[in-house]
Amino acid sequence: MSDVCIVGIGIHPFGRTEGVSGLDQGVFAVRQALADAGAQWPDIQFAYGGSDAAGNPDTMVERLGLTGIQFINVRNGCAAGGSALASAQMAIKSGEYDLGLAVGFDKHPRGAFNALPAEYNLPDWYGEAGYMITTQFFGAKIMRYMHEHGISATSLGRVSQKAFRNAVHAPHAWRREPVSLETIMEAPMVSDPYTKYMFCSPAEGGVALILASEKKARELGKPIIRLKAVTMRTRPPGSFEVFAPSIDIAGNSAPRGSATRIAAADAFRMAGIGPEDIALAQLQDTEAGAELMNMAENGFCRDGEQEAWLAEGHTEIGGKLAVNTDGGCLACGEPIGASGLRQVYENVVQLRGDGGGRQVPGNPKTAYSHVYGAPGVSAVTIMER
Amino acid sequence: MSVIAEGLFTNEHPPRLIGGRNRVSGRIVFPCPPGTDYEPWPLQRTGRLWSYTIQRYRPKSPPYAGPDAFAPWAVAYVKLPGETIVEARLTNVAFDRISIGMALELTQIPLDPDAAQPVLIHAFQPVSALS
């Protein structure tokens with residue numbers, strides 16, 4: 001079976017862009033990705049598009065050209081972009097197509113996402129009583145994790161500090177000013193133990209990836225960046241997810257299962273490599289603690305080891321596993337439809353050696369991305385140069 | 001005074017929360033899901049604090065139906081041994097006295113303490129607290 005290659009990447013800067021719709025930010029990214037691939041829109045045989053709050057992705061054919069292509073819209077919570085990519089690579093793997101597009105964009109109002117109970121199969125009282133809030137879940141989840149595994153609040157602060165420091169060198173990032181650890185720790189609490197610098201914000205942005213069969217990639221003459229594995233998985237019994245009026249009591253024998261653990265294990269199995277073979281990783285960091293928990297859930301360290309990893313700088317650019325090299329969601333914000341694809345965009349930049357001030361040294365050959373969404377969906381990619 | 005929804009509490013004094021027990025697997029959840037897979041299962045009134053956070057800003061309305069005036073509140077996950085871990089407000093305890101593992105019991109608190117006709121929601125409080 002042919003490997004699927006990424007031959008073109010494009011991004012509309014994340015953050016806030018007044019006067020430009022989410023869809024047009026997606027179109028901007030597509031045009032940039034086409035130019036990067038050396039392809040024209042009529043060459044594109046199919047597209048998968050993800051957007052949560054900025055309209056139907058397929059309507060961008062009006063801007064790009066009415067070529068009649070297959071264009072399928074994807075909605076999968078925060079994993080929408082990852083799901084679009086998972087679908088797009090399968091279309092090429094199947095042998096049906098040689099060249100296609102995965103695109104994601106979004107444009108959210110300011111403030112926390114406004115979720116309604118009925119969208120999550122929950123009773124109305126749950127929202128009326130004030131539980132329909134993602135930050136509550138994030139706070140309660142990390143509070144338990146810190147208690148069980150000896151993680152300090154300072155480690156949470158270090159994650160945010162690293163995010164803003166890395167983003168200084170990422171032109172597509174939103175918050176590109178370094179923030180001191182002291183400022184992060186002393187900022188107002190949002191949901192304990194998280195201060196305002198430890199949460200990402202809903203934002204805007206667009207990302208496009210052009211995917212090709214290996215044969216087509218060679219024709220286009222681009223550096224061969226292979227997708228060795230793409231998995232999208234949903235939660236197992238007993239997982240601790242957002243918007244949970246109750247959680248199952250877990251046994252003591254094994255860690256609590258999660259969609260991420262399944263997606264990661266399956267991706268490593270498909271790629272035929274292990275976590276120790278990965279040079280850099282983009283891990284879902286909606287909040288600072290998520291990056292820490294996702295280091296363990298994706299298999300990069302054991303629960304509790306993050307405390308030492310952060311103190312010793314193992315996840316810095318230049319550390320043994322660079323994590324969130326463009327500042328992640330903490331510095332880029334989270335336009336839901338585009339967020340998972342941004343991670344893959346950043347990995348391609350790094351594998352090509354185009355990271356500039358944030359380039360991971362040592363000529364990295366493998367990169368990993370992980371996106372997580374409500375209520376318990378995860379998508380993982382493993383890429384290889 | 002009325003409760004925020006039907007089917008959350010038993011009619012006992014003091015009331016218990018009504019969970020649901022899966023008729024096949026025995027899994028216990030809260031609240032009791034609609035349909036026939038789960039049978040109503042009154043949950044024990046006492047448990048221990050499993051995790052918590054403090055809600056520091058007023059949630060958006062809709063869906064939040066509480067008062068416009070806002071003061072931070074504690075949100076708990078309470079482990080009811082052998083049953084499930086229930087999400088609930090945590091009341092009658094100062095934020096800096098909250099600690100994971102503390103013994104808690106079920107109570108009811110008004111969603112809006114100043115309302116003429118308060119609506120009750122479920123909450124837990126330290127076992128020693130006066131109800």
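This is a short tour of a predicted model, stop by stop. Local features need pLDDT of at least 70, side-chain atom pairs count only at pLDDT 80 or more, and totals for chains, interfaces and linings use all residues. Residues are numbered from 1 along each chain as its sequence is written, while chains are lettered from A and ligands numbered from 1 in the order in which they are written.

**Stop 1: the domains of chain A**

Select 4-110 + 205-220 of chain A for domain 1, then 122-201 + 227-384 for domain 2. These bounds come from an automatic or database domain assignment. The C-alpha centres of the two domains lie 24 Å apart. Their contact takes 33 residues from domain 1 and 28 residues from domain 2; two residues are in contact if their C-beta atoms, placed from the backbone, lie within 7 Å.

Now colour the domain 1 side by element. Strand 1 (4-15), helix 3 (80-93), strand 4 (99-107) and strand 7 (204-213) of chain A each supply at least two residues. Helices (H or I, at least four residues) and strands (E, at least two) are DSSP runs, numbered from the N terminus.

**Stop 2: where chain B meets chain A**

Show both chains. Here 31 residues of chain B are in contact with 29 residues of chain A. On the chain B side, strand 5 (46-55), strand 6 (73-80) and strand 7 (84-90) each supply at least two residues. Strand 5 of chain B gives the most, with six residues.

Zoom in on strand 9 (residues 246-247) of chain A. This strand and strand 7 of chain B pair in the antiparallel sense over two bridges; strands pair if DSSP finds at least two bridges between them. Find Ile247(A) opposite Ile85(B).

**Stop 3: across chain B**

Go to Glu105(B) in strand 8 of chain B. Thr46(B) stands opposite Glu105(B), and in strand 9 of chain B the bridge partner of Glu105(B) is Gln125(B). Strand 8 (residues 103-110) pairs antiparallel with strand 5 over three bridges, and with strand 9 (residues 119-126) in the antiparallel sense over seven bridges.

**Stop 4: backbone details**

Select Asp192(A) and Pro193(A): their peptide bond is cis, with omega near 5 degrees. In chain B, Pro62(B) and Pro63(B) are also joined by a cis peptide bond, with omega about 10 degrees.

Finish on two asparagines. Asn324(A) has a positive phi of about 55 degrees, and Asn363(A) has a positive phi near 55 degrees. Asn324(A) is buried, with 28 other C-beta atoms within 10 Å. Asn363(A) counts as exposed, with 10 C-beta neighbours inside 10 Å. Buried means 20 or more other C-beta atoms within 10 Å of the residue's own, exposed 12 or fewer, and partly exposed in between, with C-beta atoms placed from the backbone.
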